[in-house]
Amino acid sequence: MSYNLRILCDAILPDRTIRVWDGSGRVFLDGEGNLYRAAQFSEDALQQIEAAINGEAYTLSLSLIALPQMAGDEVWEYDEETPISGSKFVVKLQTVDEYEQPEGEPEVVFTGLIDNLAVTDQGVEDDEDGDRWESIVTIEVTNRFTLRTLANGAVLSDVDQRERSKVLNPSAPDDEFCTRVPTLLSKTVRWPNW
């Protein structure tokens with residue numbers, strides 16, 4: 001009997017893999033022995049993930065909030081030294097039992113590539129500890145549906161269509177749709193054809 005779900009995120013960077021789970025508390029150990037650090041996602045994280053899974057959103061935007069400013073600075077410096085754009089990002093759901101132990105294998109629900117990373121600092125007023133600075137790290141992850149969007153007024157050329165087709169379906173033959181369209185300009189179509 002399952003009691004809870006854990007949202008697990010793997011950011012597979014050029015020289016390491018960062019693993020976090022949505023929540024607070026101690027480190028989470030999955031069934032394969034990987035350690036996931038607790039992180040606070042923004043309140044709309046679950047809706048963002050759900051929209052990305054359903055193909056409603058072309059970009060998954062996740063924000064880690066309430067990070068100490070020093071941690072935010074380290075993330076920014078790392079991105080400056082080793083750009084993470086294009087790194088793989090995986091979101092998984094893991095069921096856990098009443099003792100917070102994983103049950104079965106995690107289910108991969110989203111896979112994409114990191115497109116952008118932004119670090120912002122904000123001041124926080126705290127009566128007990130005094131005022132301090134916290135960081136928010138936001139990553140934008142694109143998936144294969146991103147390629148299906150075109151800006152308003154964009155022109156899709158034959159070359160664009162062929163390249164797009166190779167990315168979306170690499171095992172298919174060349175897409176020749178754009179080469180066939182001009183041949184239809186001078187065609188006469190009789191309807192209905194009795």
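**Close-up 1. R16 and its salt bridge with D15.** R16 is partly exposed in this predicted model. Its relative accessible area is 43%. The side chains of D15 and R16 meet in a salt bridge. The N to O distance is 3.8 Å. That value falls within the 4 Å cut-off, so the pair counts as a salt bridge. By this rule, the count comes to 5 salt bridges.

Close-up 2. D79 is found in helix α2, which covers residues 69–81. D79 is buried, yet it has no salt bridge. R16 carries the nearest side chain of opposite charge. What does D79 touch, leaving aside its neighbours within four places in sequence? D79 is in contact with I84 and L117.

Close-up 3. Strand β1 spans residues 4–12, and strand β6 spans residues 88–96. The two pair in the antiparallel sense over 9 bridges. Within this pairing, C9 has V91 of β6 as its bridge partner. Strand β7 covers residues 102–124. β6 and β7 also pair in the antiparallel sense, over 8 bridges. Here the bridge partner of L93 is E107, in β7. In a regular strand, side chains alternate between the two faces of the sheet.

**Close-up 4. The hairpin of β6 and β7.** The hairpin has 5 residues between its strands. Which residue takes a positive phi in this hairpin? E100 does, with a phi near 65 degrees.

Close-up 5. V27, L29 and L35 form a nonpolar patch on the surface. Together they have about 280 Å² of accessible area. L29 lies in strand β3, residues 28–29. L29 counts as partly exposed because its relative accessibility is 45%.

**Close-up 6. N34 in the loop between β3 and β4.** N34 lies in the loop between β3 and β4, the latter being residues 35–41. Is N34 buried or exposed? N34 counts as buried, at 18% relative accessibility. The cut-off for buried is under 20%, so N34 falls on the buried side. Leaving aside neighbours within four places in sequence, N34 is in contact with R19, F28 and L29. N34 and D160 are 126 residues apart in sequence. In space they are 41 Å apart, C-alpha to C-alpha.

**Close-up 7. The salt bridge of R162 and D174.** The side chains of R162 and D174 meet in a salt bridge, at 3.2 Å from N to O. R162 lies in helix α3 (residues 158–168), and D174 lies in the loop between α3 and α4 (177–180), so the pair ties together parts that are 12 residues apart in sequence. R162 counts as partly exposed, at 22% relative accessibility. D174 is partly exposed, with a relative accessible area of 45%.

Close-up 8. The side chains of E163 and K166 meet in a salt bridge. The N to O distance is 3.7 Å. How many residues apart are E163 and K166 in helix α3? They are 3 residues apart, about one turn of the helix. E163 counts as partly exposed, at 43% relative accessibility. K166 counts as partly exposed, at 43% relative accessibility.

Conventions
Residues are numbered from 1 along each chain as its sequence is written. This is a predicted model: local features need pLDDT of at least 70, side-chain atom pairs count only at pLDDT 80 or more; totals for chains, interfaces and linings use all residues. Side-chain values use heavy atoms; hydrogens and water are left out. Two strands pair if DSSP finds at least two bridges between them. Helices (H or I, at least four residues) and strands (E, at least two) are DSSP runs, numbered from the N terminus. Buried means under 20% relative accessible area, exposed over 50%, partly exposed in between (1.4 Å probe, protein chains only). Lys and Arg count as positive and Asp and Glu as negative; His and the chain ends are not counted. Contact means heavy atoms within 4.5 Å. Patches are made of residues with over 30% relative accessible area and no salt bridge: like charges are joined within 9 Å, nonpolar side chains (Val, Leu, Ile, Met, Phe, Trp, Tyr) within 5 Å. Accessible areas come from the Shrake-Rupley method with a 1.4 Å probe; for residues, only the protein chains shown count as cover.
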